Amino acid sequence: MTDRDKVYTKVKKTIKQMMKLDHQGQVVTLAMMISGIVMSRNAQLSAMSSEIPTKTKEKSVEMRMRRWVKNDLDVEAVYMPFARQILEALSHLPLVLVMDGSQAGRSCMVLMVGVLYQKRALPIAWLVYKGKKGHASAERHIQALEKMRPLLQKGSEVVLLGDAEYDTTEMIAWVEENTTWQYVLRTSPQIYVQTADKNQPLRDYPLEKGKVFCLKNVGFTQTSALTLHVICWWGTRYEEPIFLITNIDNPYEACRYYRRRFRIETFFSDQKSRGFHIHKSHLADPARLSRLLIAACLAYIWMITQGLRVITEGNSSLIDRTDRIDKSLFRLGLDWIKYALKYRLDFQPSFHFQPLDAIIHVR
C-alpha cells in the first residue's frame, strides 16, 4: 500500500464515521480533499487531486473536487459540529476569541473567528467576500460573530480580541447588547474620547514609555456613543504606544489578553506560506473558497491534534530537537505524518480536538 493509499484510506474511514451528508459521495470527496491538502501541502485542486490514489484520471478527480466546492453545500452546517466540539473541549477555560482577516484565492478576503489554544488559533467560523486587504465593514464583523455565537455553551466566559479594524461603535454595541463577553480591541491614537472635562484624541494624553495609562468609563469617539475603558500602553519593547478599548476593569489583565491577539496570524501563515498555500488556490468565487476552507480547516485541526499527540507520546525528539521543542503544534503534526509514513508507523487521523491536559488524563 502506498503512502497516498494509507492516508486517504484512514481519512476516508474517519470522516465517514463522523459525518452524515445528503450524499455519501460528498463525504468521500471531502476525504479526498483533506488527504490531498495534507499530502501535497497545497490547496490548489489540481495539486490535491494528484495525491489521491484512484484508477480515475487525475483530471476527473480534480473535476469532482471542483463540483464539491461549486455545489450548494451549507458551510456552517457541515463545519458546525467540529467547531462546537472544539469550544466544548475548551469550555473549562475562558474562551479567548480572535478576529482577523487575510487574503486568499483571487481577490477574496477571509474574515476568521478563531479560539486560542497554546500558540495557535483554532478555526470556528469564517466569512469570505470579494475585496482587497483593508478594513471590512462593521456589518461583516457582526455577521462573522453571529455565525459562531450559537456554538457557545450557555454561561461560557468569553474574551474577544481584535486589532484596530474592529473598534467600530456598531460592532462593540452589538457585543454589549447581545452577549456578556469581555473584549479588548486596538484603536487609533486619532480617536477622540470624552471625559468629564475633556474631549480630545488619545495621542494628546501624556504618555511615558514602560507605563500603562488607563481612562475609565469615558465616552468613545466625539459623539460618546459608547462608554468604556481606554488603555494607553507603551511597552518598553515598543517604539510607539498601543491604544486599547475594553470593558475589562483591570488594565494589566486587558494588556495580557491583547498580547495573545497575534496568534491568529500564525493560523493564517499555517494555512498559507508555511502550510497549505490556500492563498494560491486560484478560486475567485467567495462561496467556493468558503467551502474549500472546510477541508483546509479540518486538515489543520488534524495536524494540531496530531502535534499534541506527538508531545504526549514523547515522540517530539524524533522530528525535532532533543533538548527542547522548537516546532509548532502544526509543524509537529505535518512532520510526524511524513515520518510515520517513511518508517511505516501507525497513525490515526483525528478531527476531534482534545486539549493537552485531556490527552494526558486519558493516557
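**Notes on the model**

1. In helix H9, the buried residues are Arg 263, Ile 264, Thr 266, Phe 267, Phe 268, Ser 269, Asp 270 and Gln 271. Buried stands for under 20% relative accessible area, exposed for over 50% and partly exposed for what lies in between, with a 1.4 Å probe and protein chains only. H9 spans residues 263-271 and is mostly covered, with 8 of its 9 residues buried. Helices (H or I, at least four residues) and strands (E, at least two) are DSSP runs numbered from the N terminus.

2. The model is predicted: local features need pLDDT of at least 70, side-chain atom pairs count only at pLDDT 80 or more, and totals for chains, interfaces and linings use all residues. Residues are numbered from 1 along each chain as its sequence is written, and side-chain values use heavy atoms, with hydrogens and water left out.

3. The buried residues of H9 pack against strands S1 (95-104), S2 (108-117) and S3 (120-130), and against helices H10 (286-312) and H12 (329-342). Contact here means heavy atoms within 4.5 Å.

4. H9 and H10 pack at about 110°, their axes 11 Å apart. H9 is therefore roughly perpendicular to H10. On the H9 side the contact is made by Phe 267, Asp 270 and Gln 271, and on the H10 side by Ala 296, Cys 297 and Tyr 300. These residues divide into 4 nonpolar, 1 polar and 1 charged. Axes are lines fitted to C-alpha atoms, for helices over the stretch in contact, and angles run from 0 to 180 degrees between N-to-C directions. Under 35 degrees counts as roughly parallel, over 145 as roughly antiparallel, 65 to 115 as roughly perpendicular and the rest as oblique. Ala, Val, Leu, Ile, Met, Phe, Trp, Tyr, Cys and Pro count as nonpolar, Asp, Glu, Lys and Arg as charged, and the others, Gly among them, as polar.

5. There are 2 cavities of 30 Å³ or more. On a 1 Å grid over the protein atoms alone, a cavity is a set of points where a 1.4 Å probe fits but cannot get out; a pocket is an open set with protein on both sides within 12 Å along at least five of seven lines, and lining residues have an atom within 4 Å of a point. Points are joined across faces, edges and corners, and a volume is the space filled by probe spheres set on them.

6. The largest cavity holds about 100 Å³ of space. H5 (75-89) and S3 each supply at least two lining residues, and H5 gives the most, with 4 residues. The lining divides into 7 nonpolar, no polar and 2 charged residues.

7. The second largest cavity holds about 60 Å³. Its lining includes Phe 267, Phe 268 and Gln 271, and S1 and H9 each supply at least two of the lining residues. By class there are 6 nonpolar, 3 polar and 1 charged.

8. The second largest pocket has a volume of about 200 Å³. Its lining has 3 nonpolar, 2 polar and 4 charged residues.

9. Ile 86 is found in H5 and is buried, with a relative accessible area of 1%. Beyond its neighbours within four places in sequence, its contacts include Val 115, Leu 122 and Phe 353.

10. Thr 29 is found in helix H2 (residues 24-40). Thr 29 counts as buried because its relative accessibility is 4%. Not counting residues up to four places away in sequence, Thr 29 touches Arg 64, Met 65 and Trp 68.
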